[in-house]
Amino acid sequence: MPGYIRANISAMHGYVPGEQPLDDGYVKLNTNENPYPPSPRVLTAVRKALDTRLRLYPEPLSDSLRSIAASVYGVTPDNIIAGNGSDELLSLLMRLIVAPGDRVAYAAPTYSLYETLIEIQGGLKAAVDYPADFSLPDGLAKQNAPLTFLCNPNSPSGTLASLAEIDRLARALAGILVVDEAYVDFADSEGASALPLVRRLPNLVVLRSFSKSFSLAGMRIGLAFAPEDIIAGMMKVKDSYNLNRLSLVAAAAALQDLPWMARNVRRIQRNRRRLSAGMKKLGFQVLPSQANFVLARKPGENLKDVYEALKRQKVLVRYFDVPELRDCLRITVGTSQEVATLLGGLTP
């Protein structure tokens, strides 16, 4: 594997090359996992599926999951494709749309997998810098790119572009706009998702993940919502059986217990407010996050020593060793106790 790809994949997931799996006792606030368990219905459904049917291939088109998701999200099954995490769906879109030498636009800094996939595909990175407040940059619509990515809420900032801004951006583009909504369930407003725009914008793809709000990062499940012609194209380039039987069962059960997910989201929102307030009291600038993490900054100060000091206390946060983010820490919102431990570890 080329070195730049290996390094980007490691950075994407918050791991340091060569590190061993973590022992118990760590407070793990570096990879944006949900600190609360998935619905008991998920666990029951997965246990029930552990039978002789494992000898059989799963549904090639994930029809059962797509049917349930269509009912939940108010679209048709033909507007949905299921993937092995939203990461696979990003890869499918790259393979479908981007030829070597094509430009791929995105606002930066953002989810580092976008850059990795562009490099793998032989595309050209057309990064447009976010301003200091991480508002949507005007130049994103001017990159003449067949594919544009928008992580919303953005990682690592947690900031959210409005539906009106997304609508204007999609209409200004000649190519496809992909709105990556891995964290949107954590937004304070229930109307933050761009899903309603899929019905009226022919060039919009919206990605959703079960890894964050549904507490299923270990099952690797994602959904893409888009007009039928885009979904049909993605179906042509996906692997035959891209989701395993247990993941399909888990995702279906999760969608049938939305109140459980919503309860966990509310707990994380409360803890996010505590974390943000605590970091501000410690002298950090904290952007208004709509995700399950916060970005805390001390302008001009390299925070690697702070990251290392927390690590020695068995508290893991995310430090980005790139010029524009060295004065930042991205901190996953954990349980109340985990937030208290993190703040205690930072208190002089």
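Ser62 lies in the loop between helix H2 (40-49) and H3; helices here are DSSP runs of H or I with at least four residues, strands are E runs of at least two, and both are numbered from the N terminus. The model is predicted, so local features need pLDDT of at least 70, side-chain atom pairs count only at pLDDT 80 or more, and totals for chains, interfaces and linings use all residues. Residues are numbered from 1 along each chain as its sequence is written, and side-chain values use heavy atoms, without hydrogens and water.

Ser62 counts as buried because its relative accessibility is 1%. Buried means under 20% relative accessible area (1.4 Å probe, protein chains only). Beyond its neighbours within four places in sequence, Ser62 is in contact with Ala82, Leu243 and Leu248. Contact means heavy atoms within 4.5 Å.

Gly158 sits in the loop between strand E5 (147-151) and helix H6 (163-172). Gly158 is also buried, at 0% relative accessibility. Residues up to four places away in sequence aside, Gly158 touches Pro153, Pro288, Ser289, Gln290, Ala291 and Phe293.

A pocket is an open set of points on a 1 Å grid where a 1.4 Å probe fits, with protein on both sides within 12 Å along at least five of seven lines; lining residues have an atom within 4 Å of a point. Of its 21 lining residues, Val184, Asp185, Glu190, Arg208 and Met261 are the closest to the centre. Helix H9 (258-281) gives the largest share of the lining, six residues.

Key:
Buried means under 20% relative accessible area, exposed over 50%, partly exposed in between (1.4 Å probe, protein chains only).
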